[in-house]
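Open your viewer and get ready to click along. We will go from stop to stop, selecting a few residues at a time.

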Amino acid sequence: SEERFAQAAHFDQAYEAVIGNCSMCHARETVYGSLQWAPKQVYLEAPADVARHAKAIYLQAGVSHAMPPPNAVRTMTDENRRTIVAWYRDATREHP
């Protein structure tokens, strides 16, 4: 499953969006504010991490806009969100 997401169209752009908007909190050693560990122990640093958590990223950042929290970062653009959605949908659609 992870390989399918890592090889899907738009993965590189989705990965960059996640690194730029999510990894400061979802890191093995967080660098954001007073966080001592990543929320729900979800790590989003390496390509394998992003591929492993594809569905949650799609739901939380792509579709619902729940993540990142509005006061955390201001760089998650609508284009970033569309890229995440396109990446997830490409990986999950049936290919002939």
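This is a predicted model: local features need pLDDT of at least 70, side-chain atom pairs count only at pLDDT 80 or more; totals for chains, interfaces and linings use all residues.

Residues are numbered from 1 along each chain as its sequence is written, and side-chain values use heavy atoms, without hydrogens and water.

**Stop 1: two helices.** Select residues 11-21, helix α2, and residues 78-92, helix α5. (Helices are DSSP runs of H or I with at least four residues, numbered from the N terminus.) Their axes, lines fitted to C-alpha atoms over the stretch in contact, lie 9 Å apart at an angle of about 130 degrees. That makes α2 oblique to α5; angles under 35 degrees would count as roughly parallel, over 145 as roughly antiparallel and 65 to 115 as roughly perpendicular.

Now show the side chains. On α2, pick F11, Q13, A14, A17, V18 and N21; on α5, pick N80, T83, I84 and W87. These residues make the contact, meaning heavy atoms within 4.5 Å.

**Stop 2: H10.** Move to the loop between α1 (2-6) and α2, where H10 sits. H10 is not a glycine, yet its phi is positive, about 75 degrees.

**Stop 3: Q41.** Next, select Q41 in the loop between α2 and α3 (47-52). Its phi is also positive, near 55 degrees, in a residue other than glycine.

**Stop 4: P68.** Finally, go to the loop between α4 (54-63) and α5 to find P68. What is the peptide bond from M67 to P68, cis or trans? It is cis, with omega near -10 degrees.

Methods: Axes are lines fitted to C-alpha atoms, for helices over the stretch in contact, and angles run from 0 to 180 degrees between N-to-C directions.
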